Every structure is written in structure tokens, then in C-alpha cells.
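Colleague: Hi! Could you walk me through this one?
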Amino acid sequence: MIRFEKVSKAYPGQARPALNSLSIDIQKGEFVFLVGQSGSGKSTALKLMLREQRPTTGRVYVAGKEINRLAGWKVPRLRRQVGTIFQDFRLLANKNVAENVAFAMQVTGHSNREIRQRVPETLELVGLDGKGDRMPDELSGGEQQRVAVARAFINRPMILIADEPTGNLDPGNTVGIMRLLDRINRSGTTIVMATHDVQMVDQMRKRVIELEHGHLVRDQVQGGYGAQF
Amino acid sequence: MQLRYVFTELRQGLRRNLSMHVAVALTLLVSLTLAGVGLLLREQAQLTEEVWGDELQITFYMCNGANDRNPQCAGAVDDSQKKVITDALDDNKYVDKVEEESQEQAYERLQALDVEGVSGPDPVVKADDMWESYWVTMTDPHHSAEIIEAVAGLDGIDHVGDVHEVTGPILAAVDGLQSAALVGAIVLVIAALLLVANTIRLAAFARRREIGIMRLVGASTLYIALPFLLESLVVALVGIGLSGVALASVMYFGVEQRLSSTAVTQWVGWEEFFSSFAIVAILGILLTLVPTLLLTRKYIKV
């Protein structure tokens, strides 16, 4: 589903590359944690998956497409297959919960009938049934992240990329979000999640890919945050 | 495509950046009006040249036997005299082209100027009172004296009209006004371009969150850019409409009400107004949509 072949990424003006000859292969339906210290290259790897960046050398394949060769006008179609969630939720403050979720369908050209049907279903899936008319500032952090998950998942993407989705949440809400992501993963969606949360990675026992200074230092099935080779 | 979303965004965008949009529309009004005035002046210069001949022309008027100024004229010019004159002109190296105008053609041209006493059932001036003439286009206007010297003394020539003396000041004034309008239009066009660029930058900044989310969920570039393009189009149409009103006012109050009563030349009419306004309208749309397209590509790059 996602493959990096000897991928390096160097930013102009920086002495060290953000990624250095990284090769990873993530299969359909996998749940993968991407761990490492700040500056290890996690965010760059996620940006390459979303084609927000292009590799300096090497090849990145996402959903069967080599992103470096993908024409600009085809990028939106790729992104419809990749949902994204972030630490800061990125909700629109002037839209209510249902409108925030519906926004992802509206701007990708779905009909009103489809939107009316799928928004309540997805809100129910993420545990926000009955909260569609609330504004984002009326919700807790955990609930706001659920809205973000609903928005990322409403177009039923093949891949869900999560960049520190529990970074702003308390332990209770973190567990709730992780359970939700696990449920989505069980429905067949591939999940790649960058995180610093040691406890959560240890508990989930999923595949762990660890980066350090842009190098792959660990790729372990059912790993923990601090496990060694 | 969810057009309702696009139009909601358009309405919000117009309201959010209202002061900037007003500034762009007013700048467009002035710059497009100046450009329109420049175009009308160009049309006016052409009309003046058509009526009076351009700067490179000398006119040899031939005796008509009716109201000749030259005492040497003994009745209307005859064919043999005309032959001598045309041969002299053909042999002259400074002559580029010779066009003959009959008495009837000269009369029609006079009638076109709508001079009092020319038209109507009992005109003061008739075709027989006009002079048959040769309109000579020179290869170089500085050598008009040589041509006049070679031809003016020939039999059958009544008098010589060096049109340069008449049209020179009029054309110079029209040219001057045209240049001033052009310079003003260029300066304001640059101001309009910068204003449009600033407006787009501000609008993109105000919507950066929505744009970021739209990009991530896979909205197409066109879909993201459409509200910006429509916003610019609305402002362009307002600016073009206002400049149309301003230009029409110039035509009505300036040309129709004041200048058209003076028969010095033929003045620009509504036909010239519409052709100039069409160019102004295209210019206005290009001025707003081209920078919008370029900048939205830059700010909402997928």
C-alpha cells in the first residue's frame, strides 16, 4: 500500500538530509507506528506519503502510484484515498460538527443526498451521535479529534495518516481515539501514525518503524516504543 | 461540483475583503476609462486623417472655371493639362502615391462634415463649385517644396493645399492627449495589478485553514481557486461597468453635446465608443483574472 525505495529527502540550506536512503514497505490493512525523536524525519515521511513533498532521490509508492511521477492534476485524486488527522485537529471554527465533517465531501463533489446519508453514519461511528449541531469550541479535545477522524474517514480512504493525533489529549481521550483508530483499521484501512506516546505504542503491540536522523533504525512487528533489535 | 459552496464562499469573500474590492474597482474605473479615452483619441486621429489627409499629403486643386483663385486659370482644367500634371507627378521621385478626387467626391466629403448650407434643397455650395484635385502622398514630407515647385506652375493648377499646415496642430494635440491618456492608463494598470495581487494574497491568507483542509481531503485546484476567480470576475465587471458609464459620459457630454457642433472634422461616434469599450472590457477582465490565476496557483498549490 505504501512503499519507500531508498528515499532521501534534503531541504535546501540544511546540512543533513531529513531522510536518508529510507526503505519501508507497508501492506494493505496494516497499523504502523512511526516513532523517533523530533527531527528524526517522521513528518517528512508523512509529507512524502501525502505528496506534500517530493523525494530528492528514491521512489515513493502510495496506493500503487509513484508519487514523484504523479501529474499535479492527479494529486487531489490520490489525496481522496488518503485521510489525514493532526495533533491540532484543524477544524473550521465557523462550522458546526456536521458541517466540518460534510466539508470533506462537499469539496470533493459529492451530492447532498450522499452527504445527508453519510455524515450521521460517520458521526455515529466516531461516537459523536447527536452532537452534529455543536460548534467545535463547545467540544472537549477528545471530541474535537473525533470530529477530525470523522472528516478524514468520511470519504472512506484506503489509508489514514495520523500525525501525533493524541499529542494534545489526556490519557482517557487518548485511549478513546486509539480504540477508534483500531476499529477503523479493522475495517481494512491502512493506518500510519507518527507519535511520541511511549505507553500507547507499548500497549497497542503493532508494527513499529523507528527513525533516527532520517535513517531507519528499527522495523519491528508488534513492537514497543523502546524495544531494541 | 457543489456550486452552492462556491457561491457561499464567493459571497463571504466579497464581504470579507469589501474595502480592497472597492479599491480595485475604483482603480479599474480610472485606468480603464483612461485606456478607453486613449482608444477614442486614436480613432479620432484616424478620422481626422481621413477627413484632412495625413501629414504626408499635398493636394493640388485644379481650375474649375467657377471660383478659381489663380488668375492664370482659363476655365476648367482639360484632359491634356491633367495629363501633363500627372506625368510631372509620376516622374517626381518624392511622390509615393497619387489619388484623384472628382468634384462630386469632394462635395460628398464636404457634405459628410454637415456644414451649414451644403445640404438641403437649395444649397449655397454645389458640386460644380468644388475643385477636382490630386492628393499626393509623399515619400518624405520634408521634400514637399520640391513637388510643389515642379507642379504648382503647370497649366490647370488653381492652388496648392499643404495639408500639413492645417492638420499638424490638430494631430499634434490629439497625439499629445493620446500619449497622456496612455501614460496615465499604464501607471494605473500597474496599480490595479498590484491591488489585485494584494487582494488575492489577503483572501488566501484569510482562508488558509479552509484551503489547507481542502487540499488534504483532495479538492481539485479548480474547485479551490473558483471562489477567488469569481471574486475577481465580479470586481472586474463592476470596474468595467463603471468605466463604461464614465466613457459614455465623455461621449455624450463631451463629444455629442459640445464638439459635434463644430465642423472642423468628423468626430468619433457611438460605433467607435462600442469598439473601444469592447477592448476596455477585455483589458479589464485580463487585468484581474490573469494575476488571480497566477497567484492562486502560487498560494493554493496542491
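Modeller: Happy to. A nonpolar core is a set of buried Ala, Val, Leu, Ile, Met, Phe, Trp, Tyr and Cys residues joined through C-beta atoms within 7 Å; buried means 20 or more other C-beta atoms within 10 Å of a residue's own, with C-beta atoms placed from the backbone. This is a predicted model: local features need pLDDT of at least 70, side-chain atom pairs count only at pLDDT 80 or more, and totals for chains, interfaces and linings use all residues. Residues are numbered from 1 along each chain as its sequence is written, while chains are lettered from A and ligands numbered from 1 in the order in which they are written.

Colleague: Okay, how many residues has the largest nonpolar core?
Modeller: There are 108, and Leu34(A), Val101(A) and Ile191(A) are among those with the most contacts inside it. Helix 2 of chain B, residues 18–52, gives the most, with 12 residues (helices are DSSP runs of H or I, at least four residues; strands are runs of E, at least two; both are numbered from the N terminus).

Colleague: And what else is there besides that core?
Modeller: A second, separate core has 18 residues, including Cys73(B) and Tyr134(B).

Colleague: Switching topic: which strand does strand 1 of chain B pair with?
Modeller: Strand 1 (residues 57–62) pairs with strand 3 (residues 133–138) of chain B, antiparallel, over five bridges; pairing takes at least two DSSP bridges. Gln57(B) sits opposite Thr137(B) there.

Colleague: How many bridges join strand 2 and strand 3 of chain B?
Modeller: Six, again antiparallel, and Glu99(B) has Trp135(B) as its bridge partner.

Definitions and conventions: A residue is buried if 20 or more other C-beta atoms lie within 10 Å of its own, exposed if 12 or fewer, and partly exposed in between; C-beta atoms are placed from the backbone.
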